[in-house]
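Morning, everyone. Please bring the model up on your screens.

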Amino acid sequence: MKLSVNIGKLKLKNPVMVASGTFGYAGEFAGFIDINKLGAIVTKTITLKPRPGNPAPRTCETPAGMLNAIGLENPGADAFLKEKLPALNKIGIPVIASIAAETPGELKEIINLLNDAQVNAIELNLSCPNVKSLQSTISGSPLIAQDAQATHNWVRAVRKATRKTIIAKLSPNVADIAEIALAAQRAGADAVSLINTITAMSIDTKTRRPVLANITGGLSGPAVRPVAVRMVWEAYQKIKVPIIGMGGIMDVQSALEFFIAGASAINIGTANFINPRASIEIISGLKQYLKENKIKDINNLIGSLRT
Ligand SMILES: Cc1cc2nc3c(=O)[nH]c(=O)nc-3n(C[C@H](O)[C@H](O)[C@H](O)COP(=O)(O)O)c2cc1C
């Protein structure tokens, strides 16, 4: 039974990764699971300079999901490379560095740092909905990934600056996800990741205040899954590069929906907070499903939707 998949130059022993921002820097989860069984780890998004993130409260529960407005809290690229990356490398699975930048200059600097570092791929976060400073400086649209031309420009800039595998992380807060995915592909992305969180809000009716200090946040978890599956399917029909699907994957059944819709690999996000073993259980569940259905290679399941 073959579970391995290729994402650009990246070879994954299985297609199950943990999603950016939901797995810390792996150490927190070491006591719970054999991290080296994962296909890869995607880091929390790193920016050139450290960021404190947004004021609290930054998360809350919602029906079948959660809101977060962390605001890309991270120690900055230098501290990441010196203090976090060595431990991640010791795990022995590919490390995908998620990055964001406020200006093209910063983007170039962070890529240069990563070019010399032991990271296997770069996920370009074009879609974080909770960071105002990143939103307004980058393009006319609130998020880069809401604008096909801006998406093209940013992916192109990264393509010119690195030979590493580039994954463009896209936003569901758009009218036509396939158009944005196509722009990323044309600019040289080796893969696209979708979806990031859906912009949303909750109100405390006693105080009439927003629950999150940031007022709005990003919705994730099972509530977003049908939107994510639909977007993977739409993008799959338009683009040739692999799609990394995510959004509310909690168990093997929900993971399977993404492969059938067209995802070559998946990320597990919010599920990590409820069941730290979810990703490992999904890997064994996938093996079991392939065996039961006499499918020799997971690549034969990808995009196998019958309509
Ligand atoms: C607490 C939290 C923090 C997140 N931080 C990031 C981040 O730093 N960069 C990023 O690209 N996505 C981030 N995400 C989005 C996830 O990677 C993922 O795209 C999204 O949550 C949908 O998947 P899920 O429903 O399985 O969580 C974050 C999500 C959560 C819940």
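Some ground rules. This is a predicted model: local features need pLDDT of at least 70, side-chain atom pairs count only at pLDDT 80 or more, and totals for chains, interfaces and linings use all residues. Residues are numbered from 1 along each chain as its sequence is written, and side-chain values use heavy atoms, with hydrogens and water left out.

What is the shell made of?

Now the polar contacts, meaning pairs of N or O atoms within 3.5 Å. A backbone N or O atom of Ser-20 sits 2.8 Å from a ligand oxygen. For a polar backbone atom of Gly-221, the distance to a ligand oxygen is 2.8 Å. For Gly-248, again a polar backbone atom, it is 2.7 Å. On its own the ligand has 610 Å² of accessible area, and the protein covers 97% of that. Those areas are Shrake-Rupley, with a 1.4 Å probe.

Next, the chain. Its secondary structure comes to nine helices and 16 strands. Both are DSSP runs: helices are H or I with at least four residues, strands are E with at least two. The radius of gyration is 18 Å, close to the 19 Å that the globule rule gives for 307 residues, so the chain is as compact as a globular protein of that length. That radius is taken over C-alpha atoms, and the rule is 2.2 Å times the number of residues to the power 0.38. Along the principal axes, the C-alpha trace spans about 50 × 50 × 40 Å.

Last, backbone geometry. Most residues other than glycine have a negative phi, and most peptide bonds are trans. Where are the cis bonds to look at? One joins Ala-56 and Pro-57, with omega about -5°. Pro-57 is in the loop between strands E4 (40-42) and E5 (59-62). Another runs from Leu-194 to Ile-195, with omega near 20°. Ile-195 lies in the loop between strands E10 (191-194) and E11 (198-200). Then there is Leu-72, with a positive phi near 55°. Leu-72 is in the loop between strand E6 (65-68) and helix H1 (77-91).

Note on methods: A polar contact is a pair of N or O atoms within 3.5 Å; within protein, one must be able to donate a hydrogen and the other to accept it, and residues adjacent in sequence count only if both atoms are side-chain atoms.
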